[in-house]
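This report describes the architecture of the model shown below.

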Amino acid sequence: MDRSQLSPREAADRFIEVFYRQNRLVDAFREWVHPDYIQHDPNSGTGRDATIEALEAHMQRSPNMSHDIKRVIYGEDGTVCVHDHFRHAPDQRGLAVVDLFRIKDGYLVEHWDIIQPIPDPATAKNSNGMF
Amino acid sequence: MRPAPGVLPWNPDAPPFDPRDTSNRARLSVREVAERFIQLFYVEDNPRDAFMAWMHPDYIQHNPNAPTGRDATLAMMENSLSRLPDLSHKVHRVIWGDTDLVAIHFHFKYEPDTRGYSVVDILRIDGGFIREHWDVIQEVPDPATAKNSNGMF
């Protein structure tokens, strides 16, 4: 397959399927993330391989993790926004996460994220939930 | 109005606009509504004009620390602004979606000399109004503790 023929949306959809839906984080990275990937998550090293190391540890610690995708925004310039509900384990309230990716020539080349713990619904000022 | 060079990822080829002009709101695209709201809210730090022009009175609020509906959220924001008049939003990128959604990634600070927060706001726009809002907020850490030197933006 010539990945450079894929649109940013097609590359994003393939990554999303493997990473978020199948929870095969390392496989998704090996296939779709550029080796020189620019990482903006302050808790991860930059580059694909440094992030893969962190993901391997993460998968071992949280074998029952889940990503529930709530919405995906495909930007017109090759940036993609994924809004998901992440849980380390099924019985947790979990985290609201936005991942932003920049996609070029069939690779994810840059990543930003924002992560916020979901509060106890009893303390929320509205009943709409975070999603 | 036109975007200042380098300030916003607006479409520089779009015709100039008045961000407070709501007279043709039903004919505006999702992107055009978002551009007007971004100018007033994030660039001018004017929540009253931004909300009264572009938020639907019954918009659905998903931020768990804010009440739902336009007027309740606006009252909360004006209260913040009166206590913290130097609060600021610096827009770093906008994901202009191909449906009814737009995502805005920005650096929010309550006070100028603080590290502040990395925030994404997601807006759903329909019929010339913002109808729904989600956000995710994370404190920017001390750069000395970060595992890379790329920054959060």
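In helix H1 of chain A, the buried residues are A:Pro8, A:Ala11, A:Ala12, A:Phe15, A:Ile16, A:Phe19 and A:Tyr20; a residue is buried if 20 or more other C-beta atoms, placed from the backbone, lie within 10 Å of its own. An α-helix has 3.6 residues a turn, so residues three or four places apart point the same way. The cover over the buried residues of H1(A) includes helix H2 (25-32) and strands S2, S3, S4 and S5 of chain A. Two residues are in contact if their C-beta atoms, placed from the backbone, lie within 7 Å. H1(A) lies across S2, S3, S4 and S5 of chain A and runs at about 170° to S2(A); axes are lines fitted to C-alpha atoms, for helices over the stretch in contact, and angles run from 0 to 180 degrees between N-to-C directions.

The model is predicted: local features need pLDDT of at least 70, side-chain atom pairs count only at pLDDT 80 or more, and totals for chains, interfaces and linings use all residues. Residues are numbered from 1 along each chain as its sequence is written, while chains are lettered from A and ligands numbered from 1 in the order in which they are written.

After H1(A) comes A:Asn23, with a positive phi near 55°.

Chain A contains three helices and five strands, arranged along the sequence as α-α-β-α-β-β-β-β. Helices (H or I, at least four residues) and strands (E, at least two) are DSSP runs, numbered from the N terminus. Of its 131 residues, 34% count as buried. The C-alpha trace of chain A spans about 50 × 35 × 25 Å along its principal axes. A compact globule of 131 residues would have a radius of gyration near 14 Å, and the 15 Å of chain A agrees with this; the radius is taken over C-alpha atoms, and the globule rule is 2.2 Å times the number of residues to the power 0.38.

In chain A, five strands form an open sheet of mixed pairing in the order S1-S5-S4-S3-S2. S1 and S2 of chain A stand at the edges with a single partner strand each, so one side of each is left without a neighbour in the sheet. Strands pair if DSSP finds at least two bridges between them. Chain B also has an open, mixed sheet of five strands in the order S1-S5-S4-S3-S2, with S1 (55-61) and S2 (88-96) of chain B as its edge strands.

| Strand pair | Bridges | Facing residues |
|---|---|---|
| S4(A) and S5(A) | 10 bridges | A:Val97 and A:Ile115 |
| S3(B) and S4(B) | eight bridges | B:Ala103 and B:Ile122 |

The contact between the chains takes 32 residues from chain A and 32 residues from chain B. On the side of chain A that touches chain B, strands S1 (33-39), S2 (66-74), S3 (79-87), S4 (95-104) and S5 (107-117) each supply at least two residues. The residues of this side divide into 16 nonpolar, 13 polar and three charged; Ala, Val, Leu, Ile, Met, Phe, Trp, Tyr, Cys and Pro count as nonpolar, Asp, Glu, Lys and Arg as charged, and the others, Gly among them, as polar.

Methods:
Buried ≥ 20, exposed ≤ 12 C-beta atoms within 10 Å, placed from the backbone.
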